[in-house]
Amino acid sequence: IVNKVICKVGKNGGPLIFKSLRSKRLLLVFWSLDPWLSHSYISTGNCTTVSEVFTMPVSTRALQQMAIYLGIVSGGGCAAMYYLIQQTFAKSEYYKLAIEELKKNDIALDALGAPPLQIRNIKLTNRNNRVDGISARIIIPVCGNKSAGYLHTYCIRDTVQKRWFLQEAILQLLDGQHFSVFSVTKDEDQS
């Protein structure tokens with residue numbers, strides 16, 4: 001019945017793994033010189049059968065295909081979730097207010113080389129992006145034909161009117177230049 005020994009562990013005793021060619025199953029056999037162990041289990045000579053180790057009900061190829069499909073589905077789910085979070089940011093009032101102010105500021109647009117102004121996705125892993133029910137501080141990547149940078153914004157929410165109000169927007173270019181796009185104190189000084 002047992003045609004092939006696959007591995008053997010230990011000199012004084014240990015598990016033996018056999019492969020049966022007829023049933024294509026692996027068997028775990030515990031071999032021991034200790035008479036106490038040989039009486040504990042059903043004995044066959046010097047070998048004691050403990051249990052069948054593993055019978056594979058599904059082929060390895062089917063398991064590989066299932067792992068690939070599950071990887072694709074979970075990766076697609078993560079990508080969809082990332083896209084939906086980005087869309088939620090882009091539709092928010094505090095995000096739109098900051099982009100509108102940037103589009104009104106000719107000096108900042110000239111430094112970027114816009115139009116066309118390209119707005120990139122927010123880095124969700126950046127710990128400086130914080131939004132709660134009262135305030136929103138986000139960093140929006142933007143770029144134009146000449147340069148690229150980040151629009152640092154800060155908004156607060158009026159709970160009575162249930163609206164967001166932009167408090168500050170600063171454009172920081174990758175070369176280190178800073179442009180004040182909007183500031184509540186700057187606008188109050190001009191009026």
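Author: What follows goes through the paired strands and then the residues around them.

This is a predicted model, so local features need pLDDT of at least 70 and side-chain atom pairs count only at pLDDT 80 or more, while totals for chains, interfaces and linings use all residues. Residues are numbered from 1 along each chain as its sequence is written, and side-chain values use heavy atoms, with hydrogens and water left out.

Start with strand 8, residues 135-143. Strands here are DSSP runs of E with at least two residues, helices are runs of H or I with at least four, and both are numbered from the N terminus. Of the 9 residues in strand 8, 8 are buried, so the strand is largely enclosed by the rest of the structure. Buried means under 20% relative accessible area, exposed means over 50%, and partly exposed is in between (1.4 Å probe, protein chains only).

Strand 8 has several partners; two strands pair if DSSP finds at least two bridges between them. Strand 6 runs antiparallel to strand 8, with 2 bridges joining them, and Gln 118 has Cys 143 as its bridge partner. A hairpin of 3 residues connects strand 7 to strand 8.

On to strand 9, which pairs with strand 8 in the antiparallel sense over 9 bridges. The two form a hairpin with 4 residues between them, and Cys 143 stands opposite Ala 148 of strand 9. Cys 143 is buried, at 10% relative accessibility, and Cys 155 is buried at 0%. The structure holds 0 disulfides, a disulfide being a pair of cysteine sulfur atoms within 2.5 Å.

Strand 9 (residues 148-158) is in turn joined by 10 bridges to strand 10 (residues 163-173), and these two run antiparallel. Asp 158 has Arg 163 as its bridge partner in strand 10. Their hairpin has 4 residues between the strands, and Lys 162 in the turn has a positive phi of about 55°.

Strand 10 then meets strand 11 (residues 178-183), antiparallel, through 5 bridges. Asp 175 lies in the loop between strand 10 and strand 11 and counts as exposed, at 53% relative accessibility. Asp 175 and Ala 148 are 27 residues apart in sequence, yet their C-alpha atoms are 8.6 Å apart in space.

Strand 10 also takes part in a contact between rings. A search of the whole structure finds 1 aromatic pair. Tyr 94 and Trp 164 form this pair, which is edge-to-face, 5.0 Å centre to centre with 70° between the planes. Tyr 94 lies in helix 3 (residues 93-104) and Trp 164 in strand 10, so the pair ties together parts 70 residues apart in sequence. Rings of Phe, Tyr and Trp (its six-membered ring) pair if their centres lie within 6.5 Å; planes under 30 degrees apart count as stacked, over 60 as edge-to-face and the rest as tilted. Tyr 94 is buried at 10% relative accessibility, and Trp 164 is buried at 10% as well.
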